[in-house]
Amino acid sequence: MTTDIKAALRALHIETPSWAYGNSGTRFKVFAQRGVPRDPYEKLADAAQVHAHTGVAPTVALHIPWDKVADYAHLAAHARELGVGIGAINSNVFQDDAYMLGSVTNPDPAVRRKALAHLLECVDIMDATGSDTLKLWFSDGTNYPGQDDIRARQDRLAEALSAVYARLGEGRRFLLEYKLFEPAFYTTDVPDWGTAYAHCLRLGPKAQVVVDTGHHAPGVNIEFIVAFLLREGKLGGFDFNSRFYADDDLMVGAADPFQLFRIMYEVVRGGGLTAGVAFMLDQCHNIEPKIPGQIRSVMNVQEATAKALLVDRDALAAAQAGGDVLGANAVLMDAYNTDVRPLLAELREETGLAPDPMAAYAKSGYFEKIAAERVGGTQAGWGA
Ligand code: LRH
Ligand code: MN
C-alpha cells in the first residue's frame, strides 16, 4: 500500500504560475517585495527553486504578455537549464483598453479579430516553447441588464473557440476556465462549469475544462464538479488556490484544507492522477514571501493527495453498499485525520531531498542572494 502511495506521490506534478513570483495585490494596493523578479528568466529561476526543494513542481505556466520575450525557444532552453519546463500558456484578453466591452464576445468585430489574433499568437508560443496546453480565461461579461445580447455573445465566443481549436496541433489542447463574476458584475460569458463543459463538448477532445477553486459561488460543491467532469473525460486541469470570500487567490489548502482533501479524493477515485489532468497553482502572494508561499502550496497539495490515497476504498465501498452512512463517513475522516507529514518527509529523503522543503529553502540563502542581486530595473507584476 505505502509503496503504491509513494509511487503515486512521486508522479504527482504541480505546475507553478510565473505570475506568483511577481508583485500582486488588489485594487487598493500592490505591495512591492524585495528580490522580486524583473523578467521571465528570473521568474523561472525562482520557480526552479520550488522544484529543487519539493521535487514535484517541474513545470511553470506562462502568461502572455506578462512573460513576453523576444525568443520563446531561448526562454524554454533557459528553463531546461534550470531543470524545469514550460507548462500551460495563459492568454490575456482582459487588460487591453479595447476589451472594455469584451474581447472575443465584443459587439465590435474588429475587437473580436484583435482578441482572436492574440489567442492564435499564444498557440504559436505553445509551439515555440514545446507547451501542449493553452489556458483560456475570458473576463468577458456585462455589468447591466440589457447592456448586450446574452445569446449573441455565446455565438461570438463559440466562433472564436472553434477558430482556436482548429489551430491546435497534434497532442495539443486548450483548457477553458470559468468564473462566476469579476471583473463583470451582471453576466460573465463563461460563468460556470456547465457553460465551459457545453462549449468543450461541442468542440471535441482537444477542449477540456479547468477548475479554478476560487471561481465558484459560496457553498458550491466543487468535488461534485470534479467527479462529473472526470467521468466525462473533460477535466483538463485545476487552478488551485483557496478563498474565504471570493476569488481571493490565497494559498491552496490554506482556507479550507478539508475541501482540498475532498477534491483530491474525487481525483484519486476518478483516476485523475493518471489522466493527464494538469495540477496548476493560480495564486497571488500579496503580503507573504512568494517562493516559500509556492513551496507551502505544493506541500499542501501533496498532503491532501497523500490523505486521499490513504482512503480505505474497500471499506468505503462496503459501507456505502451497506447504507452505513456513519461508517462510510468515518472511513473518509480516518484518512483525512491521518498525519501524512512523516510519510512525505520519508519520501523526500528517499528521493535525495531534505525532509522539510521550507526549512531547506530558508537555509539555502537563495532569498538573500536575489534580494542583493535584484536591485534596479522594474519588478514584474500584473501590469494592470
Ligand atoms: C482569473 C484567473 C485566470 C488567470 C488569472 C491570473 O481570475 O484565475 O486563471 O489568467 O487569474
Ligand atoms: Mn485561474
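Ala, Val, Leu, Ile, Met, Phe, Trp, Tyr, Cys and Pro count here as nonpolar, Asp, Glu, Lys and Arg as charged, and the others, Gly among them, as polar. This is a predicted model, in which local features need pLDDT of at least 70 and side-chain atom pairs count only at pLDDT 80 or more, while totals for chains, interfaces and linings use all residues. Residues are numbered from 1 along each chain as its sequence is written, chains are lettered from A and ligands numbered from 1 in the order in which they are written, and side-chain values use heavy atoms, with hydrogens and water left out.

A pocket is defined on a 1 Å grid over the protein atoms alone, as an open set of points where a 1.4 Å probe fits, with protein on both sides within 12 Å along at least five of seven lines, and its lining residues have an atom within 4 Å of a point. The largest pocket has a volume of about 1200 Å³, where a volume is the space filled by probe spheres set on grid points that are joined across faces, edges and corners. It is lined by 44 residues, and those closest to its centre are G25, T26, K179, E182 and W382. By class, this lining has 17 nonpolar, 14 polar and 13 charged residues. Strand 4 (residues 133-137) gives the largest share of the lining, three residues; strands (E, at least two residues) and helices (H or I, at least four) are DSSP runs, numbered from the N terminus.

Ligand 1 sits in the largest pocket, in the sense that more than half of its atoms lie within 2 Å of the grid points. Around ligand 1, with a heavy atom within 4 Å of it, are W19, H63, K135, W137, E177, K179, D212, H215, D239, D247, D282 and W382. This shell has three nonpolar, two polar and seven charged residues. For polar contacts, which are pairs of N or O atoms within 3.5 Å, the side chain of K135 has an N or O atom 3.0 Å from an oxygen atom of ligand 1, D212 has a polar side-chain atom 3.0 Å from a ligand oxygen, and for the side chain of H215 the distance is 3.2 Å. Taken alone, ligand 1 exposes 300 Å², of which the protein buries 97%, with areas from the Shrake-Rupley method and a 1.4 Å probe.

The second largest pocket has a volume of about 440 Å³, and of its 25 lining residues, H13, G276, V277, A278 and F279 lie nearest its centre. Its lining has twelve nonpolar, ten polar and three charged residues.

Finally, the backbone deserves a look. The peptide bond from I64 to P65 is cis, with omega near 20 degrees, and a cis bond with omega of about 10 degrees joins E182 and P183. E182, in the loop between strand 6 and strand 7, has a positive phi near 75 degrees although it is not a glycine.

Notes:
A polar contact is a pair of N or O atoms within 3.5 Å; within protein, one must be able to donate a hydrogen and the other to accept it, and residues adjacent in sequence count only if both atoms are side-chain atoms.
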